[in-house]
Amino acid sequence: LGEYEAEAAAAAEDLRVGVDEDVRRERDQLREHTKSLLRRLHMQEQDAAAAATQTASTQRDLEAEWEQRVADHDREYQREKEGLAAQAAALQEEEARLQQAWEAHRAQQQTDKARWEEQKREHVRWEQEQAAALEAEKQGQRPRRTTQALGDAH
């Protein structure tokens, strides 16, 4: 029995030492695996921080580009607006000039028409006086005016 106990105690000791070595080995492997995981996590955190920095930088760049485009668009719009305002002013000036020219033309037409009507009345009067003078000569009367004087008047 003593021999079995000693053998059992030696086997138990060997088992305990073996288990201790297995536990130590697994603990070391777990420690190494944990260290590896922590290194990977740290690298991922660094990558994430770099990505966040890059994203922020890209966002700032995009915002700056957008603001530049908006400013460029605003300047272009203002230039176009000023150009259109200048064209509108030029068209208004041209319209005023044409209106004045039209009014001057209409006034000249009215003056010409009045002159023509006056000349027409004078001619009708002259013709009437001519006819009266001829009638007076036919009847042997002396004309109120001579034909020469009437022609000069005409």
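**Exercise 1. Identify the residues of the nonpolar surface patch that includes V23, and classify V23 by accessibility.**

Solution.
- L15, V19 and V23 make up a nonpolar patch on the surface, with about 260 Å² of accessible area together.
- Patch members need over 30% relative accessible area and no salt bridge; nonpolar side chains (Val, Leu, Ile, Met, Phe, Trp, Tyr) are joined within 5 Å, like charges within 9 Å.
- Areas follow the Shrake-Rupley method with a 1.4 Å probe, and for residues only the protein chains shown count as cover.
- V23 sits in helix α1.
- V23 has 40% relative accessibility, so it counts as partly exposed. The classes are buried (under 20% relative accessible area), exposed (over 50%) and partly exposed (in between), with a 1.4 Å probe and protein chains only.

The model is predicted: local features need pLDDT of at least 70, side-chain atom pairs count only at pLDDT 80 or more, and totals for chains, interfaces and linings use all residues. Residues are numbered from 1 along each chain as its sequence is written, and side-chain values use heavy atoms, leaving out hydrogens and water.

**Exercise 2. Place Y4 in the secondary structure, then give its C-alpha separation from R97.**

Solution.
- Y4 belongs to helix α1, residues 2-138. Helices are DSSP runs (H or I, at least four residues), as are strands (E, at least two), numbered from the N terminus.
- The relative accessible area of Y4 is 62%, so Y4 is exposed.
- Along the chain, Y4 and R97 are 93 residues apart. Their C-alpha atoms lie 134 Å from each other.

**Exercise 3. State how many salt bridges the structure holds, then work through D22–R25, D72–R75 and E94–R97.**

Solution.
- The total is 10 salt bridges. The criterion is a side-chain nitrogen of Lys or Arg within 4 Å of a carboxyl oxygen of Asp or Glu.
- D22 and R25 pair at 3.0 Å, N to O. Both are in helix α1, three residues apart, about one turn. D22 is partly exposed at 37%. R25 is partly exposed at 45%.
- D72 and R75 bring their closest N and O atoms to 2.2 Å. They are three residues apart in helix α1, so about one helical turn separates them. D72 is partly exposed at 35%, and R75 is partly exposed at 42%.
- E94 and R97 form a salt bridge at 2.6 Å, N to O. They too lie in helix α1, three residues apart, about one turn. E94 is partly exposed at 34%. R97 is partly exposed at 43%.
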